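Hello,

Here is the structure I promised to pass on. Please open it first, then read my notes below.

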Amino acid sequence: MGVIAWLVLGLLAGAIAKAILPGRDPGGLIGTTFIGIAGAFLGGRLSAQFLDRPVQREFFDAATWGSAIAGALALLIGYRILFGNSRD
């Protein structure tokens, strides 16, 4: 997959991660978008390196989507821990 496909995947993974973890984030929509993109790259990289599951070339591969969403969730949780969760 190219960089543009990873950006689109990251945007969608960030939206899915935000739907799984609702609430207001300190960075708002823009921050959550960047977290989703970074999470997609991180999840794909960790999946390829540690789980011996290389990222496929197809955009609709379930493992690629799963790793991107997991990466976005991990970064979103870390972001909320570091910068506070403003749900109150």
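Along the sequence, the pattern is α-α-α. The protein has three helices and zero strands. This is a predicted model, so please treat everything below as computed from it.

Confidence first. The average pLDDT for the protein is 77. A score of at least 70 is reached by 82% of the residues. Helix α3 has the highest confidence, with a mean of 83. Helix α2 (residues 28-50) has the lowest, with a mean of 78.

Now the overall picture. The protein has 88 residues, and 33% of them are buried. Take the contacts with a separation of 6 or more: 78% of these come from residues 24 or more positions apart.

Next, the helix packing. Two packed helices are described by the angle between their axes and the distance between the axes.

Start with α1 and α3. Helix α1 covers residues 3-20, and helix α3 covers residues 62-83. They pack at an angle of about 60 degrees, and their axes are 8 Å apart. That angle makes α1 oblique to α3. The crossing of α1 past α3 is right-handed. Which residues of α1 meet α3? They are Trp6, Leu9, Leu12, Ala13, Gly14, Ile16, Ala17, Lys18 and Ile20. On the α3 side, the partners are Thr64, Trp65, Ala68, Ile69, Ala72, Leu73, Leu76 and Arg80. Sorted by class, this contact has 13 nonpolar, two polar and two charged residues.

Leu73 is one of the α3 residues in that contact. What does Leu73 touch, leaving aside its neighbours within four places in sequence? Its contacts are Ala17, Ile20 and Leu21. Leu73 and Leu21 are 52 residues apart in sequence. Their C-alpha atoms are 7.9 Å apart in space.

Then α2 and α3. Their axes come within 6 Å and cross at roughly 125 degrees. That makes α2 oblique to α3. This crossing, too, is right-handed. From α2, the contact takes in Ile35, Gly36, Ala38, Gly39, Ala40, Leu42, Gly43, Gly44 and Ser47. From α3, it takes in Ser67, Ala68, Gly71, Ala72, Leu75, Leu76 and Tyr79. By class, there are nine nonpolar, seven polar and no charged residues.

Is Ser67 buried or exposed? Ser67 has a relative accessible area of 12%, so it counts as buried, the cut-off being under 20%. Ser67 sits in helix α3. Not counting residues up to four places away in sequence, it touches Gly39, Gly43, Gly44 and Ser47.

Ala70 is also found in helix α3. At 42% relative accessibility, Ala70 counts as partly exposed, because that class runs between 20% and 50%. Ala70 and Leu42 are 28 residues apart along the chain. Their C-alpha atoms are separated by 9.2 Å.

Best wishes

Technical notes
Residues are numbered from 1 along each chain as its sequence is written. This is a predicted model: local features need pLDDT of at least 70, side-chain atom pairs count only at pLDDT 80 or more; totals for chains, interfaces and linings use all residues. Side-chain values use heavy atoms; hydrogens and water are left out. Axes are lines fitted to C-alpha atoms, for helices over the stretch in contact, and angles run from 0 to 180 degrees between N-to-C directions. Helices (H or I, at least four residues) and strands (E, at least two) are DSSP runs, numbered from the N terminus. Angles under 35 degrees count as roughly parallel, over 145 as roughly antiparallel, 65 to 115 as roughly perpendicular and the rest as oblique. A crossing is left-handed if the near helix is turned anticlockwise from the far one by less than a right angle, and right-handed if clockwise. Contact means heavy atoms within 4.5 Å. Ala, Val, Leu, Ile, Met, Phe, Trp, Tyr, Cys and Pro count as nonpolar, Asp, Glu, Lys and Arg as charged, and the others, Gly among them, as polar. pLDDT is the predictor's confidence in each residue, from 0 to 100. Buried means under 20% relative accessible area, exposed over 50%, partly exposed in between (1.4 Å probe, protein chains only).
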